Each structure stands twice: as structure tokens, then as C-alpha cells.
Amino acid sequence: MTQAPARSRTLRRRHDREIIALAVPAFGALVAEPLFVMADSAIVGHLGTAQLAGLGIASALLTTAVSVFVFLAYATTAAVSRRVGAGDLQSAIRQGMDGIWLALLLGAAVIAVVFPTAPALIELFGASDTAAPYAITYLRISALGIPAMLVVLAATGVLRGLQNTRTPLYVAIAGFLANAILNVVLVYGAGLGIAGSAWGTVIAQWGMAAVYLWVVVRGARRHGASLRPDVAGIRASAQAGVPLLVRTLSLRAILMITTAVAARLGDADIAAHQIILSLWSLLAFALDAIAIAGQAIIGRYLGAGDAQGARDACRRMVEWGVAVGIALGLLVVLSRPVFLPLFTGDSAVTDAALPALVIVAASQPICGVVYVLDGVLMGAGDGPYLAWAMLLTLAVFIPAALLVPAVGGGLTALWAAMTLMMAMRLVTLWLRARSGRWVVTGATR
């Protein structure tokens, strides 16, 4: 009678060690990424308001362009971890190289689009006459770093698939420090202004990409994997990424619609919304770290043919998602009096944000499970289902969000609609997880 509980405790501890070993470094790497933009903003901000405004617009465009291709990390993690589970490291790294070649091709295509259309893109974002020249300069120079950023995404996916999240953390920290130093030297020391900031970021990004490529190439040589581009492999990587691209675009559409609706609620509401959205993004990093661990762990179990191990790991990660979600929700509630004054002294903004933050806090356990199950299904290579589920969620969210200003609802109602969106995601992901159809074993899905 005592053997079953003892075995269950041992199993939980093993899963906990795996989750912590992967999730904690992943969280550090995720947090390090937005520090690039923060460092650039802090340095460029001292040049003048027009320069900072130009940086803000160009950075928003760059961030959007790169985030669209986050599937390079997700799809690569799933494919590589499956092959790791199957014990075929040569094939795992070969699959990773296909993802990296795809990243380089996509990066070149983005440069070809962004460079000539930079003025039109900046104008589309409504840049003022004074800020536009700086935005165009920063965007055109920074676009040269897009292939590097995409290589970093794909290579990060390779290392995650290899159950290594420490190296991405170290590279992210080193990249942040290099970026900050280069920005100061080039902006002020060399007197290049905002162009110096862009060049500093590009150099840091290519430096990070070079480190990743060195790590992957070394692994490829060790295991006899080919480094040459393989058309069939690149095509397969692209096909696996398409459903995740649809998922990502749907999620970006939801965030854009939310901001557009908030802008129609008034200045105080949009200001409060931006504060809450920044907090939402920070909380997402903690939950996404568990999801990243889920991608790597689930893919490995399925690749090894251990269906029950994958189910057990999924169950334990859901428990982690709920626990972390509850902890984050309590943190939001308790920190409200301290958090809001960091961003605003306007009582109207505070009054709009306080009740909406309660909604955000209450939704965190839901978010915790959503992020975990999202990661589990990505790790299982269940991209087509994730795409259709996200499109369905978008279809439900759009009328709910548009109804907020129509019925005179405020920011709290808008974030209630966001919670409805997360609840919809929870339902679709939970149904899929319960069905067991995601449990497909083998080195490939």
C-alpha cells in the first residue's frame, strides 16, 4: 500500500527537478530580452524627445516583426526534443540546422521588405515630422540585425530541445551587457547619436548569433550532423511553423484590438491600460518559462515512446501552472499600492487601473494553466490544433471587446473580456489535453 504513494512522490520530485532546471534559466533569458529596448531607451532618451520618440516607433515595428517569427524557437524545440528522446542526437541537431537556415532566409526576406519601405512604415505608425527621420534611421540600421535575431530564436529552440536552457541565459546576459556598452560608446563616445544606438544593438545581436552558431556547429561536428542547407528539411521546418505562425498572429491581433479599444475609452483608460499591459507581459514571462520547460520535456518523452511519462509530466506542469498563477495573482493584489505609483501620480489613471488589476490578479491561475498546456501541445507538435483553437478564440474575443465601448464599459470591462479570452483558450486547450490525441510517440509526429 505504501509503495504507490512513495512512487508518486518520487515521480513528482523528478518532474519538479526537470521543470525547475529548465524553467528558471528560461525565465532569466526571457526577462533579459526586453532589457535590450530598455537600455536603448535610457541611452537615447538623453539625446532628446524626438530621438526617443523615433526609437519607440522603430522598436515597436522591430519587436512586432521578430515576434511574428517566434515559431522558429517553438517548432524547433518540439522537433529537436523528440529526436533527443529517441536517442538520435545527430538527427536532432540536423533538424536544428534546418531551422537555423530557415531563420537566415526569413531574415534576408524581412530586410528586403523593411529597408525600402521604412519611410512608409514609419508614416503608417503616425510618427511626427521631427521624430520620423530618427525612426527611419534606427529602423533601417536595426533591420540588419533581424537575421541575427531570428537565428537566435531558432538556435535557442535547438538548445531547449537539447534540454539546455542555461546557455541561452548566459548568452542573453552577455548580449545585454555588450549592447549597453556599445550603445554608450557609439552614441556618445563616437557621437553617432541614434544611429550609434542602432549599430550597437546590431553588433550585439550578431555577436549573440555567432555564439549560438558556434555552440550548434560544435555539437553538429561532434555528432556527425551535416551543416549544409537541406531543402526538404527547411521546407519541413517551414511547414511545421505555419500553424504556430497563425497562432501567434491571432494572439497579436487580440493584443492590438485590446489596445485600440482602450484608446477609445479615454486618456486615463489608455494610460492605465499601458501600465497593466506591461505588468501582464512581465507575469507572462514567469508562466512562459514553465511552458518552455513543457515544450522540451514533453517532446523528449514522446520521442522516447513514453506516453505515460508525457501524461504524468503534463499533469505535474499543470499543477505548477496553477500554483504559480495563484502566487502571481496574490502578488499583484498585494503590490498594487506600490506598483502603480511607479508609473503614474495621476489619480484618474490610478482609479481606472485598480479594479482592472483585480481582474488581472484573479485571472492568473487560468493563465498559468493556459501557458502550460500551450507549451505541452507545442512540445507534442500539435500546431494545427493550436492554430484552429486560437482562431476560434479570436472570433469569440472580437465581439466581446468591441462591445465594451458600445455598452459604456470601462477598462475593467475590457480586461474582463481579456479574461474571457484566456478562459476560452483554457477550454480549448483542456479539451485537447483530456482527449489524449496530442500523445503521438516517435522521433517525428
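A polar contact is a pair of N or O atoms within 3.5 Å, and within protein one atom of the pair must be able to donate a hydrogen and the other to accept it. In the predicted model examined here, such a contact is illustrated by Ser250, whose side chain has a polar atom 2.9 Å from the backbone oxygen of Val246. Ser250 is part of helix H9. With a relative accessibility of 3%, Ser250 counts as buried. When neighbours within four places in sequence are set aside, the contacts of Ser250 are with Met390, Leu391 and Leu394.

The organisation of the chain into domains was considered next. The domain assignment divides the protein chain into domain 1, covering residues 14–229, and domain 2, covering residues 240–444. A distance of 23 Å separates the C-alpha centres of domain 1 and domain 2. Contact between the two domains involves 30 residues of domain 1 and 39 residues of domain 2. The size of an interface is often given as the accessible area lost when the parts come together. For domain 1 and domain 2, the buried area is about 3,000 Å², and carbon and sulfur atoms give 67% of this area. Of the area that domain 1 buries against domain 2, 25% is supplied by Ile19, Tyr74 and Arg82, more than by any other three residues.

Two salt bridges are counted between domain 1 and domain 2. A salt bridge joins Arg300 to Glu18, with 2.6 Å between the closest N and O atoms. On the side of domain 1 that touches domain 2, the elements giving two or more residues are helix H1 (3–44), helix H2 (49–67) and helix H3 (71–85). Helix H1 accounts for the largest share of that side, with 13 residues. By residue class, the side of domain 1 that touches domain 2 comprises 17 nonpolar, seven polar and six charged residues.

Helix H3 also contains Thr76. The relative accessibility of Thr76 is 6%, so this residue counts as buried. Apart from its neighbours within four places in sequence, Thr76 has contacts with Phe71, Gly96, Gly99, Ala154, Gly157 and Val158.

Salt bridges were then examined in the model, and nine were counted. One of them is formed by the side chains of Arg247 and Asp374, with an N to O distance of 2.6 Å. This pair links distant parts of the chain, as Arg247 belongs to helix H9 (residues 231–263) and Asp374 to helix H12 (residues 347–379), 127 residues apart. Both partners fall below the 20% relative accessible area under which a residue is classed as buried: Arg247 is buried because its relative accessibility is 7%, and Asp374 is buried because its relative accessible area is 6%.

Asp312 and Arg315 form a further salt bridge, in which the closest N and O atoms are 3.0 Å apart. These two residues lie three residues apart in helix H11 (residues 307–339), and Asp312 and Arg315 are therefore separated by about one helical turn. Asp312 is buried, with a relative accessible area of 14%, whereas Arg315 is partly exposed at 47%.

A salt bridge is also present between Arg445 and Asp382, where the closest N and O atoms are 3.3 Å apart. Here too the pair links distant parts of the chain: Arg445 lies in the segment after helix H14 (411–435), Asp382 lies in the loop between H12 and helix H13 (383–406), and the two are 63 residues apart. Arg445 is partly exposed, its relative accessible area being 41%, while Asp382 is buried at 3%. Finally, a network of salt bridges links Asp16, Arg316 and Glu319.

Definitions and conventions
Residues numbered from 1 in each chain as written. Predicted model: local features only at pLDDT ≥ 70, side-chain atom pairs only at ≥ 80, totals over all residues. Heavy atoms only, no water. Domains from an automatic or database assignment. Contact = heavy atoms within 4.5 Å. Buried area = accessible area lost by both parts, 1.4 Å probe. Salt bridge = Lys/Arg side-chain N within 4 Å of Asp/Glu carboxyl O. Helix = DSSP H or I, 4+ residues; strand = E, 2+ residues; numbered from the N terminus. Nonpolar A, V, L, I, M, F, W, Y, C, P; charged D, E, K, R; others polar. Buried < 20%, exposed > 50% of the residue type's maximum accessible area, 1.4 Å probe, protein only.
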